[in-house]
Structures are given as C-alpha cells and as structure tokens.
Amino acid sequence: MTSSTRIRFGALAAAAAVVASGFFAAAPAQAADEATISLANTTFTAGDWGSGLDVTGTGFTADSDVTIFVAQSIGGDLTSVQTTADGSGGFQISYKPTVELPLPASGEFLYVTATSDEGDSSNQVKLTVLAPKGIATSVSKITTADLADKEIGFTLSAGGYTPGETVTVSATMNGEALQGTFDEIAGPDGAIAVQIYMGGVVESGTLTITAVGKTSGLSQSVSLEVIGETVVTEGTQTPTIGGGATATASTSRSLPVVSG
C-alpha cells in the first residue's frame, strides 16, 4: 500500500468513526414504561367509601414521590394521598378518603389518577358512584289543583336500583290502586327522577307512590298528603297517575306521558 493510499484509507476510517459516533450520540435512551394505575374496586355508593381505594401503580420513575388524586370531572381535585415508588417504579397503597363521597351530577364523574415529582403522569380510572337506597318526593303536601296540573305536579326521586334496569312506578290513592303505571330506566347511578301528576277525578287524601326494580326486586314507597277541593280533568273520570322523566333525571330517555 502506497503512502497516499494509506492516507486516503485513514481519512475514510476517521470520517466513518465521526459518523458512527454522531449516530450513537443521537440515538435516544430506551423509553421508560408508561406510568399506569389500576384499582381493585371502582364501584361505590355515594357517602360510603367502603373499604377504600386499593391502588396499584407501575411504570413510574424509580424511588419517585407519587401523589394519587381523586378528582371530579367538573370541580377539580376532591382529595389526594402520597406514596413512594419502589426501585422498579411500582407501588401499592390502600387508602380510605376522609372526605364525603359525593354523587356526581348527570354527565359528570369522579376519577383517580396519579403523578410523580419526576414528571410521570398516569391514566385516569373512572369511579362508578351509585345513588343510595331511598325514595322521596319534592313536596310532602300538594293541592288537588297542582296535582292535576301536568306542568306542576311533583318530582319523585329514588335510588338504589341496578343501573340500567326497568323501574315500574305505580300509585294508590286512599288505598285504591290508580290506573296508568309506567316504566322508567335507572341511570348509571341506579337512580330515577320522575315528574308525576294525576288525571281524572283528583280528590284529597293520601297518595302513595311505589317504585319497583324489575332486576333488583327493590321496592320502595313514599306517601304525600293531597289537600283541597275535588278537581276533575278533561278526558276521563277515572283517577289516573301520569308522569315522565324530569330534565334532571340521570337517564336522558324521556317517557311518554301516561294518562287516561
């Protein structure tokens, strides 16, 4: 090999080394696992955290400080707790919040998420919050005139049903069954909200409303006092219950008004 050949070969080798070193320097470090959390249980009843939250995390920066948040889709953080990831970036913590567990409004939800002081940010895990068992009316006393008015009436609210099940609403007036039972679908929180009125002959006395879940078998009743002079509405002389989902009901499905 001549001297000039050796020089050219050496120059090419040096150039290749520069290119190679630049390539390896530009290659990114292997990405860390994505920070992820999971919960052992995601279903609770409003006002009751049960045994609490069992949260497992993986993919966080090793030995980082992790903050776990319980937050509202509208309204921000509800509560939080801190823990430390282990050397492999994982953690497991059991935590029972001390704040009251609210029932989210229609279209809103609660979720759990986590971040670390090293910039890790996890997924969001939605919580299902069910309405507690119970039934109530918006008034305890109503006039016959208001009860006979489809635009007034009263609101029946009931909870504790299986989400998505059919709930049959019926009524008695002074112990006598009224015509016009109808069905409502329990929302994702297991609750219904129904606007109720009466048709036909509307008399004073005790009106009792019963809501029975077809799947759960849960039957709940509530009574209210009806006062005033007898009112007779158009269309029928038979005392009849009517109603439909209210604008604030947990389900968006509207029921046809049942009367006569």
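1. Let's start with tyrosine 111: this residue is buried, its relative accessible area being 14%, and the cut-off for that label is under 20%. Keep in mind as you read that this is a predicted model.

2. Phenylalanine 109 comes out otherwise. Its relative accessibility is 25%, so phenylalanine 109 counts as partly exposed.

3. Now for the rings. There are three aromatic pairs in the count. One of them joins phenylalanine 109 and tyrosine 111: the ring centres sit 6.0 Å apart and the planes meet at 50 degrees, so this pair is tilted. Planes under 30 degrees apart would have been called stacked, and over 60 edge-to-face.

4. Lysine 126 lies over the face of the phenylalanine 109 ring, 4.3 Å from the ring centre.

5. On to the strands. Have a look at the open sheet, which is built from five strands running in the order β2-β8-β7-β4-β5, with mixed pairing. At its edges you'll find β2 (43–45) and β5 (76–84), each of which pairs on one side only. On average, and ignoring direction, neighbouring strands here are turned by 25 degrees against each other.

6. What holds paired strands together, in general? Strands of a sheet pair through backbone hydrogen bonds, and they do so either parallel or antiparallel.

7. In which sense do β2 and β8 pair? They pair in the parallel sense, over three bridges, with β8 covering residues 125–130.

Terms used: Residues are numbered from 1 along each chain as its sequence is written. This is a predicted model: local features need pLDDT of at least 70, side-chain atom pairs count only at pLDDT 80 or more; totals for chains, interfaces and linings use all residues. Side-chain values use heavy atoms; hydrogens and water are left out. Rings of Phe, Tyr and Trp (its six-membered ring) pair if their centres lie within 6.5 Å; planes under 30 degrees apart count as stacked, over 60 as edge-to-face and the rest as tilted. Buried means under 20% relative accessible area, exposed over 50%, partly exposed in between (1.4 Å probe, protein chains only). A charge sits over a ring if NZ of Lys or CZ of Arg is within 6 Å of the ring centre and within 35 degrees of the ring normal. Two strands pair if DSSP finds at least two bridges between them. Helices (H or I, at least four residues) and strands (E, at least two) are DSSP runs, numbered from the N terminus. Axes are lines fitted to C-alpha atoms, for helices over the stretch in contact, and angles run from 0 to 180 degrees between N-to-C directions.
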